[in-house]
Amino acid sequence: MVVLSQPVLDNLAHFETCKPTGEINIIPAVDLSDYSNAKKLILEACKEFGFFKVTNHGVSMEFLDRLESEVVEFFKLPQQEKEKSGPPSPFGYGNKKIGPNGDVGWVEYLLLSTDAKSICPGIISDTLWRLVNEYVCAVRKMVCEVLEMIAEELKIGPNNKDMLSKLIKNEKSDSCFRVNHYPPCPDNNNNNQILQPLLMNGQDLIGFGEHTDPQIISVVKSNNTSGLQICLKDGTWVAVPPDPTSFFFIVGDSLQSVGR
């Protein structure tokens, strides 16, 4: 999401390159201020794409800009300073290694719990810590509203529209907050035997490889940088235009199972 001025070189042999993609013409957009229409559009988008974006979500753009500015400052720190906030076990700063299964990507990140009691101020600055907590509260409220709409439309049990949202509200929820930073790819100008095949034909290194999310739902906030892709029903990968004013929702494996 954030671009630094200098690329970080590493052994590129383990990195995948992006697949050719098309473009999706219409991203399902849902206006949360129109409740009756929103819940219908959300369910349709979940069935057709497993993906949609929401507008009029009530989260201040001024606040989001402040949060992004603090995140930018963190990733600008010298590498040895950032390493003091890691490795993620399970929470903290990580670089290129994604999760415990050996996956790698051209990405560095902060992974934090959404439980305010578990977010250690020592991992990040006090200012960023306060902003993260405020962000988590605002997004949790928005997510619960969306999940209650889905539960209502799916008619999950009599008068149980909180059947899904209560999992997010639960103090033992495994929800997490993740900030991904994708450094610029290195230039193919040094005749590197590994670099040339990977970057041939203008391909970019993959920041975060193809995957599904095991949770109920994922919420993605983008800046103006492109790169997000989704896979359609026919297996085609399409690029999603960035929209810093909206939040993108991605249906997780758990919610897909419920929907069946």
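## Terms and basis

A residue is called buried under 20% relative accessible area, exposed over 50% and partly exposed in between, with a 1.4 Å probe and protein chains only. Lys 76, with a relative accessible area of 54%, is therefore exposed.

The model is predicted: local features need pLDDT of at least 70, side-chain atom pairs count only at pLDDT 80 or more, and totals for chains, interfaces and linings use all residues. Residues are numbered from 1 along each chain as its sequence is written, and side-chain values use heavy atoms, without hydrogens and water. Helices (H or I, at least four residues) and strands (E, at least two) are DSSP runs numbered from the N terminus.

An open sheet is built from four strands in the order 2-3-10-7, with mixed pairing; two strands pair if DSSP finds at least two bridges between them. Strand 2 (29-31) and strand 7 (217-220) each have a single partner strand and stand at the edges, so one side of each is left without a neighbour in the sheet. On average, neighbouring strands of this sheet are turned by 30° against each other, direction ignored. For such angles, axes are lines fitted to C-alpha atoms, for helices over the stretch in contact, and angles run from 0 to 180 degrees between N-to-C directions.

Strand 2 and strand 3 (residues 51-55) run parallel and are joined by three bridges. Ala 29 stands opposite Lys 53 in strand 3.

## Aromatic pairs

Rings of Phe, Tyr and Trp (its six-membered ring) pair if their centres lie within 6.5 Å; planes under 30 degrees apart count as stacked, over 60 as edge-to-face and the rest as tilted. The whole structure holds six aromatic pairs. One of them is stacked: Phe 51 and Phe 248, 5.6 Å centre to centre with 20° between the planes. This pair links distant parts of the chain, since Phe 51 is in strand 3 and Phe 248 in strand 10 (residues 247-251), 197 residues apart. Both Phe 51 and Phe 248 are buried.

Tyr 135 and Phe 177 form an edge-to-face pair, with 5.3 Å centre to centre and 65° between the planes. Tyr 135 lies in helix 4 (residues 126-154) and Phe 177 in strand 6 (residues 176-181), so this pair ties together parts that are 42 residues apart in sequence. Tyr 135 counts as buried at 9% relative accessibility, and Phe 177 counts as buried at 10%. Elsewhere, ring pairs link Phe 74, Phe 75 and Tyr 93 into a cluster.

A charge sits over a ring if NZ of Lys or CZ of Arg is within 6 Å of the ring centre and within 35 degrees of the ring normal. Arg 178 lies over the face of Tyr 109 in this way, 3.9 Å from the ring centre.

## Salt bridges

A salt bridge is a side-chain nitrogen of Lys or Arg within 4 Å of a carboxyl oxygen of Asp or Glu. By this rule there are eight salt bridges. One of them joins Glu 73 to Lys 76, with the closest N and O atoms 3.9 Å apart. Both residues lie in helix 2 (residues 61-76), three residues apart, about one turn of the helix. Glu 73 has a relative accessible area of 45% and is partly exposed.

Lys 82 forms a salt bridge with Glu 108, where the closest N and O atoms are 3.0 Å apart. Lys 82 is in helix 3 (residues 79-83) and Glu 108 in strand 5 (residues 103-113), so the pair ties together parts that are 26 residues apart in sequence. Lys 82 counts as buried at 3% relative accessibility, and Glu 108 is buried with a relative accessible area of 3%. Lys 169 pairs with Glu 148, the closest N and O atoms being 3.4 Å apart. With Lys 169 in helix 5 (residues 165-169) and Glu 148 in helix 4, the pair ties together parts that are 21 residues apart in sequence. Lys 169 is partly exposed at 49% relative accessibility, whereas Glu 148 is buried at 17%. Salt bridges that share partners join Lys 39, Glu 152 and Glu 153 into one network.

## The nonpolar core

A nonpolar core is a set of buried Ala, Val, Leu, Ile, Met, Phe, Trp, Tyr and Cys residues joined through side-chain atoms within 4.5 Å. The largest has 45 residues, of which Ile 42, Phe 52, Ile 150, Phe 247 and Phe 249 touch the most other members. Two or more residues each come from helix 1 (35-48), strand 3, helix 2, strand 5, helix 4, strand 6 and strand 10. Helix 4 gives the largest share of this core, 14 residues.
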